[in-house]
Amino acid sequence: MTDQTWNPLLREQLAWHWTSQLRDRLDGLTDEYFWEPVPDCWSVRPRGTGTAPVQAGSGAMTIDFAMPVPDPPPFTTIAWRLGHVIVGVLAMRNAAHFGRAPTDYHSFEYAPTAAAALAQLDAEYATWLAGVESLGETGLARPCGEAEGEHAERPLAALVLHINRELIHHLAEVCLLRDLYLHTHRQTRQEAS
């Protein structure tokens, strides 16, 4: 297998998960976007309404967090988890490696609705996948660079694998939370019909 091309395999791993197990399950996301299944969740909230030590964001909405993260960390909503994936997993890496405008948790404009968050997710995912494809085989071997801090000398292939794990992990959590919401609110939905 010395002539194996790894770039398509790395992209296919994520693309298969995206199209076969994930993206369709997020269609129609509405009320559960902000659902707080337990007290004191971290979420995305209208500016000035959060209680977390840090409320970051450049627009009308902010995301809750703290540094260092409390132990145990607060439970997070779908809105928070999507915000983390959109900004911390994808957008910041797209900016560092694939020409996206610079952004971070403080400068990002968080979505006020599930539909807007899914549009942000779709855009950042498309940018990431195209960026990985643009690396080709030789680009995967190139060092990550200073944007990845202590991992600067690791190859970009290691970053791609890490991002694949992060997306699969966090977006599976989003799907589970959505399932939990739909099953715990089934009676309310049936009564409304």
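How much space lies in the largest pocket? The answer is about 420 Å³, in a predicted model where local features need pLDDT of at least 70, side-chain atom pairs count only at pLDDT 80 or more, and totals for chains, interfaces and linings use all residues. Residues are numbered from 1 along each chain as its sequence is written, and side-chain values use heavy atoms, with hydrogens and water left out.

On a 1 Å grid over the protein atoms alone, a pocket is an open set of points with protein on both sides within 12 Å along at least five of seven lines, a cavity is a set where a 1.4 Å probe fits but cannot get out, and lining residues have an atom within 4 Å of a point. Points are joined across faces, edges and corners, and a volume is the space filled by probe spheres set on them.

The largest pocket is lined by 24 residues, and Trp80, His84, Gly88, Tyr105 and Glu166 are those nearest its centre. Strand E3 (61–65), H2 and helix H4 (156–184) each give two or more residues to this lining, the elements being DSSP runs numbered from the N terminus (helices H or I, at least four residues; strands E, at least two). The largest share, eight residues, comes from H2. By class, the lining divides into 14 nonpolar, five polar and five charged residues, where Ala, Val, Leu, Ile, Met, Phe, Trp, Tyr, Cys and Pro count as nonpolar, Asp, Glu, Lys and Arg as charged, and the others, Gly among them, as polar.

The second largest pocket holds about 160 Å³ of space. Its lining is formed by Arg93, Cys144, Glu148, His151, Arg154, Ala158, Leu159, His162 and Arg165; three of the residues are nonpolar, two polar and four charged. Here H4 gives the most, with four residues.

Two or more lining residues come from each of helix H2 (78–98) and helix H3 (114–141), and H2 gives the most, with four. The cavity lining has eight nonpolar and two polar residues, and no charged ones.

H2 also packs against H4. Their axes, lines fitted to C-alpha atoms over the stretch in contact, come within 9 Å and cross at roughly 165°, on a scale from 0 to 180 degrees between N-to-C directions. H2 is therefore roughly antiparallel to H4, a label for angles over 145 degrees. The crossing of H2 with H4 is left-handed, that is, the near helix is turned anticlockwise from the far one by less than a right angle. The contact (heavy atoms within 4.5 Å) includes Leu82, His84, Val85 and Arg93 of H2 and Leu159, His162, Glu166 and Leu167 of H4. In this contact, twelve residues are nonpolar, four polar and five charged.

Most residues other than glycine have a negative phi, and most peptide bonds are trans. The peptide bonds from Met67 to Pro68 and from Asp71 to Pro72 are cis, with omega near 0°. Asp40, although not a glycine, has a positive phi of about 65°, and lies in the loop between helix H1 (6–26) and strand E1 (44–46).

Technical notes
Angles under 35 degrees count as roughly parallel, over 145 as roughly antiparallel, 65 to 115 as roughly perpendicular and the rest as oblique.
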